[in-house]
Amino acid sequence: MENITLQDVVTKLLAAYGGNQSMLAREAGVSQNTIWKLANPCKLKAPAGIGFRVAEGLARASNGEFSSIELLRVATSEQAKRKELASA
């Protein structure tokens, strides 16, 4: 798997949904606020990580392009990077 971020995934999914955050959120089974936070991590404090429910919803919304396990790996990797930067 190439090196992707959650922002990459959400940005790609938003493009597939014509930029419609409400539609993507509804399909993923998460709030529109969650989609916004994942798509705009620099504008607000980025989420510490995503839960399985969010990963599973985004995977479902991606029509098989991403699995929930892949998304959880990305989230875990990003969370570890943030902790490492915070402790430096």
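Guide: Happy to. Let's start with a word we'll need: a residue is called buried when its relative accessible area is under 20%, and exposed when that area is over 50%, with partly exposed in between. Keep in mind that this is a predicted model.

Visitor: Which residues of α2 are buried?

Guide: In α2, that label goes to Gln 21, Leu 24, Ala 25 and Ala 28.

Visitor: What makes you say they line one face of the helix?

Guide: Look down the axis of α2: its buried residues fall within an arc of 100 degrees, so they line one face.

Visitor: What covers the buried residues of α2?

Guide: The cover includes α1, α3 and α4.

Visitor: Which residues touch the most other members of the largest nonpolar core?

Guide: Those are Ile 35, Leu 58 and Leu 71, in a core of 24 residues. At least two residues of this core come from each of α1 (6-16), α2 (21-28), α3 (32-39), α4 (52-61) and α5 (68-87).

Visitor: What does Leu 71 touch?

Guide: Leaving out residues up to four places away in sequence, Leu 71 touches Leu 6, Val 9, Ile 50, Ala 55, Leu 58, Ala 59 and Phe 66.

Visitor: Why is the pair of Glu 65 and Lys 12 called a salt bridge?

Guide: The label calls for a side-chain nitrogen of Lys or Arg within 4 Å of a carboxyl oxygen of Asp or Glu. The side chains of Glu 65 and Lys 12 meet at 2.6 Å, N to O, so the pair passes. Glu 65 sits in the loop between α4 and α5 and Lys 12 in helix α1, 53 residues apart, so the pair links distant parts of the chain. A search of the whole structure finds one salt bridge.

Visitor: Are those two partners buried, exposed or partly exposed?

Guide: Glu 65 has 42% relative accessibility, so it counts as partly exposed. Lys 12, with a relative accessible area of 44%, is partly exposed too.

Visitor: How do you know whether Ser 62 is buried or exposed?

Guide: Its relative accessibility is 7%, and the cut-off for buried is under 20%, so Ser 62 counts as buried. Ser 62 has its place in the loop between α4 and α5. Its side chain reaches the backbone oxygen of Ala 59 at 2.7 Å.

Visitor: And Asn 63: buried or exposed?

Guide: Asn 63 has a relative accessible area of 67%, and exposed means over 50%, so the label is exposed. Asn 63 also lies in the loop between α4 and α5.

Visitor: What is the phi of Asn 63?

Guide: Asn 63 has a positive phi of about 55 degrees, although it is not a glycine.

Key. Residues are numbered from 1 along each chain as its sequence is written. This is a predicted model: local features need pLDDT of at least 70, side-chain atom pairs count only at pLDDT 80 or more; totals for chains, interfaces and linings use all residues. Side-chain values use heavy atoms; hydrogens and water are left out. A nonpolar core is a set of buried Ala, Val, Leu, Ile, Met, Phe, Trp, Tyr and Cys residues joined through side-chain atoms within 4.5 Å. Buried means under 20% relative accessible area, exposed over 50%, partly exposed in between (1.4 Å probe, protein chains only). Helices (H or I, at least four residues) and strands (E, at least two) are DSSP runs, numbered from the N terminus. Contact means heavy atoms within 4.5 Å. The arc is that of the directions from the helix axis to the C-beta atoms. A polar contact is a pair of N or O atoms within 3.5 Å; within protein, one must be able to donate a hydrogen and the other to accept it, and residues adjacent in sequence count only if both atoms are side-chain atoms.
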